[in-house]
Each structure stands twice: as structure tokens, then as C-alpha cells.
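My notes follow the structure.

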Amino acid sequence: MNYEISQDVEEIINRIEKENISFRDKTVLVTGGAGFLGSWTCDVLVKQGAYCICLDNLSSGRFENISHLMDKKNFRFINHDISEPIFFGLTHHPRGICIGDISRIDIVMHMASRASPFEFKKYPIPILKSNTLGTMNALGIVKAHNALFFYTSTSEVYGNPPDTAVPTPETYFGHVNLV
Ligand SMILES: NC(=O)c1ccc[n+]([C@@H]2O[C@H](COP(=O)([O-])OP(=O)(O)OC[C@H]3O[C@@H](n4cnc5c(N)ncnc54)[C@H](O)[C@@H]3O)[C@@H](O)[C@H]2O)c1
């Protein structure tokens with residue numbers, strides 16, 4: 001990890017610790033963990049002392065985003081398409097692949113989706129599958145492990161914001177015509 005990125009990761013950790021947010025000792029599954037948002041999340045989780053499982057099919061993400069984490073004891077990379085079922089803590093399941101040696105998942109952060117409008121045109125079906133079947137499979141893991149679920153959705157839900165809402169504060173409710 002280069003110096004600037006490690007400074008930013010420190011800054012993120014300082015800010016979330018001020019809010020008493022800690023992922024230390026939690027087992028966190030990050031789908032889309034090799035992407036833009038996901039890889040930053042993996043950096044923060046590993047540094048904060050979580051056990052971070054990065055699941056990604058490397059469709060739009062890059063292995064270089066996470067390669068510096070591969071030798072960390074609290075990081076694991078699983079190359080998998082979340083549109084296909086995956087089961088943790090089981091050695092056999094008729095419907096999908098199993099990761100038997102990880103029996104506990106505390107949090108699922110679901111970020112596995114290409115995010116650019118150009119890609120929406122080029123890969124509509126895989127993106128649809130990631131956000132439907134992928135979300136269903138991620139929620140299946142949540143249910144099986146009684147975990148928390150975090151979903152990044154899209155900034156499009158805010159509609160077309162005025163310039164004053166960029167960058168977008170947490171208090172911003174959006175600019176969407178629902179009629
Ligand atoms: N970037 C932003 O500013 C922003 C803002 C709001 C929400 N989001 C949402 O966050 C999510 C991630 O965005 P990003 O900017 O990091 O995109 P990204 O393309 O950099 O990352 C997506 C990651 O998901 C992986 N992926 C895609 N489909 C997959 C599948 N079926 N199975 C496993 N892995 C898969 C890709 O390989 C990639 O690593 C998207 O859902 C996006 O809509 C992004």
C-alpha cells in the first residue's frame with residue numbers, strides 16, 4: 001500500500017473510532033472487495049483487526065487493489081461470483097460451493113456490482129444478476145449466520161442533486177420526483 005493510501009486508511013480509522021465504531025475481532029464478508037469501495041473497506045477492516053473475507057469475481061475489480069493484503073493473517077480472498085450460491089461453515093451443499101473452514105460471519109457488506117453507467121449498457125445481465133441473485137445469496141449468508149447486512153445501493157437514489165449537495169452530507173434527503 002502506498003504512503004498516501006495508508007494515511008487515508010489511518011484517517012478513516014481515526015474518524016470511525018471517534019464514533020466508537022470498531023470492527024475488531026468481527027468476521028466481515030465484503031462482496032466486491034477488490035473494487036473501488038470494497039478494497040478501501042478491506043484495508044480499513046484488516047488494519048482495524050477484523051477478519052476480512054474479500055469475495056470478488058474480478059469482473060470490474062483488480063487483484064492489485066488487494067494484493068498487498070494477501071499475506072495478512074486476517075485477510076482471505078475468495079474468487080467467486082456472488083450470483084452463484086456459496087455456503088460458509090458447511091463442507092457440502094447440493095446447491096453451491098462450500099467454504100467449510102469459516103464457520104462464523106458477523107457482517108456481510110454487499111458491494112459486488114459494476115457501478116459505471118457505461119458498464120450498465122455493456123453488461124446488463126451480469127449486473128442484474130449481481131443485484132438480484134447476488135443480493136439474495138448475500139442475504140442467505142446473513143440469515144444463516146444471524147449477521148448484519150450492509151448494502152451500498154447507488155447514489156442514483158438521490159436523484160439529480162443541486163451543487164450544494166455535492167459532496168453529499170448524511171442529512172441530504174434527495175431530489176427525486178416520486179409522482
Ligand atoms: N463509487 C461510488 O461512489 C458509489 C456510490 C454509491 C454506491 N456505490 C455502489 O457500491 C458498489 C461498488 O461500487 P464501486 O464503485 O466500488 O464499483 P467497482 O466496480 O469498483 O467494484 C465492484 C466490485 O464488485 C465485483 N463484482 C461485480 N460483480 C460481481 C459478482 N457477481 N460477484 C462477485 N464480485 C462481483 C467487481 O469485480 C468489483 O471488484 C456498487 O453497487 C455501486 O453502485 C458506489
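Is Phe-149 buried, partly exposed or exposed? I find Phe-149 partly exposed, at a relative accessible area of 30%; buried means under 20%, exposed over 50%, and partly exposed in between, with a 1.4 Å probe and protein chains only.

I note that this is a predicted model, where local features need pLDDT of at least 70, side-chain atom pairs count only at pLDDT 80 or more, and totals for chains, interfaces and linings use all residues. Residues are numbered from 1 along each chain as its sequence is written, and side-chain values use heavy atoms, with hydrogens and water left out.

I searched the whole structure for aromatic pairs and got three. Rings of Phe, Tyr and Trp (its six-membered ring) pair if their centres lie within 6.5 Å; planes under 30 degrees apart are stacked, over 60 edge-to-face, the rest tilted. Phe-149 and Tyr-151 are stacked, at 6.2 Å centre to centre and 15° between the planes. Tyr-151 is partly exposed, at 38%.

I then looked up Tyr-158 and Tyr-172: the centres are 5.7 Å apart and the planes at 45°, so this pair is tilted. Tyr-158 is partly exposed at 30%, while Tyr-172 counts as buried at 16%.

I also checked Arg-114, which lies over the face of Tyr-123, 3.6 Å from the ring centre. The criterion is NZ of Lys or CZ of Arg within 6 Å of the ring centre and within 35 degrees of the ring normal.

Last, I looked at Ser-39, which is buried at 6%. Leaving out residues up to four places away in sequence, Ser-39 touches Gly-33, Ala-34, Asn-65 and Ile-66 (contact means heavy atoms within 4.5 Å).
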